[in-house]
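The report below is written for a reader who wants to inspect a protein model residue by residue.

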Amino acid sequence: MNWHPLNSTEQLDTILEESKHTPVVIFKHSTSCSISSTAKSRLERQWDGKGLDHIKPYYLDLLAYRPVSNEIAEVLQVRHESPQILLLQDGMCTYNASHLSINLDEMKKKVAASG
C-alpha cells in the first residue's frame with residue numbers, strides 16, 4: 001500500500017477532481033489512538049490482497065492537520081470520526097466507515113457497483 005499524504009485543504013479540491021477519473025480513499029488517522037493504529041495496520045495488511053491497486057489511498061494525520069479533516073467533513077457532508085475511511089468516486093463520498101467497522105470487502109463492492 002502506497003500512502004499519499006493529505007496535509008492541506010487545497011489538496012481536497014484536487015482529490016475530488018481526481019475521484020472523477022479513478023476511485024480515491026482518504027484514511028483519517030489519529031496517531032495517539034490505539035484503535036486508530038489497529039485499524040490502519042489491518043487496512044495496510046489487507047489492502048494488497050483485495051485487488052484495490054486502482055484506488056489511490058490518501059493518508060491524513062488528524063492531529064497534525066485537523067483543519068483538513070474539518071474541511072473534509074464539511075465538503076463531503078460526513079460526520080468526522082477517527083479512524084475513518086472515505087471512498088470518493090465522481091466527486092462524492094460513496095463509502096464511509098470508522099473504527100473497526102472499516103471493511104475492505106464492503107468498500108470494494110461500492111467500487112464495483114459504480115464501475
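Predicted model: local features only at pLDDT ≥ 70, side-chain atom pairs only at ≥ 80, totals over all residues.

**Nonpolar cores**

The largest nonpolar core comprises 17 residues, and those with the most contacts inside it are F27, L43, W47, I85 and M107. Two or more residues of this core come from each of the elements β2 (24-29), α2 (34-47), β4 (84-89), β5 (92-98) and α4 (104-114). Apart from this core lies another one, which has 15 residues and includes V68, I72, V78 and L88. For F27, once residues up to four places away in sequence are set aside, the residues touched are W3, S36, A39, K40, L43, Y58, Y59, L60, P83, Q84, I85 and I102.

Among the residues touched by F27 are S36 and P83, and both deserve a separate look. S36 belongs to helix α2, and it counts as buried because its relative accessibility is 0%. The side chain of S36 makes a polar contact of 2.6 Å with the side chain of H29. When neighbours within four places in sequence are left aside, S36 is in contact with F27, K28, H29, S30, S82 and P83. The last two of these, S82 and P83, are themselves joined by a cis peptide bond, with omega at about -5°. P83 is placed in the loop between α3 (66-76) and β4.

**Positive phi in loops**

Which residues other than glycine have a positive phi near 55°? D90 has such a value, near 55°, and H99 has a positive phi of about 55° although it is not a glycine either. D90 sits in the loop between β4 and β5, whereas H99 sits in the loop between β5 and α4. D90 counts as partly exposed because its relative accessibility is 47%, and H99 is likewise partly exposed, with a relative accessible area of 31%.

**Cysteines and accessibility**

The structure holds zero disulfides. C33 counts as partly exposed because its relative accessibility, 24%, falls between the cut-offs of 20% and 50%, and the value of 24% places C93 in the partly exposed class as well. The table collects the accessibilities of the residues discussed above.

| Residue | Relative accessibility | Class |
|---|---|---|
| S36 | 0% | buried |
| C33 | 24% | partly exposed |
| C93 | 24% | partly exposed |
| H99 | 31% | partly exposed |
| D90 | 47% | partly exposed |

Notes:
Residues numbered from 1 in each chain as written. Heavy atoms only, no water. Disulfide = S-S within 2.5 Å. Buried < 20%, exposed > 50% of the residue type's maximum accessible area, 1.4 Å probe, protein only. Core = buried A, V, L, I, M, F, W, Y, C linked by side-chain atoms within 4.5 Å. Helix = DSSP H or I, 4+ residues; strand = E, 2+ residues; numbered from the N terminus. Contact = heavy atoms within 4.5 Å. Polar contact = N/O pair within 3.5 Å; in protein donor to acceptor, adjacent residues only side chain to side chain.
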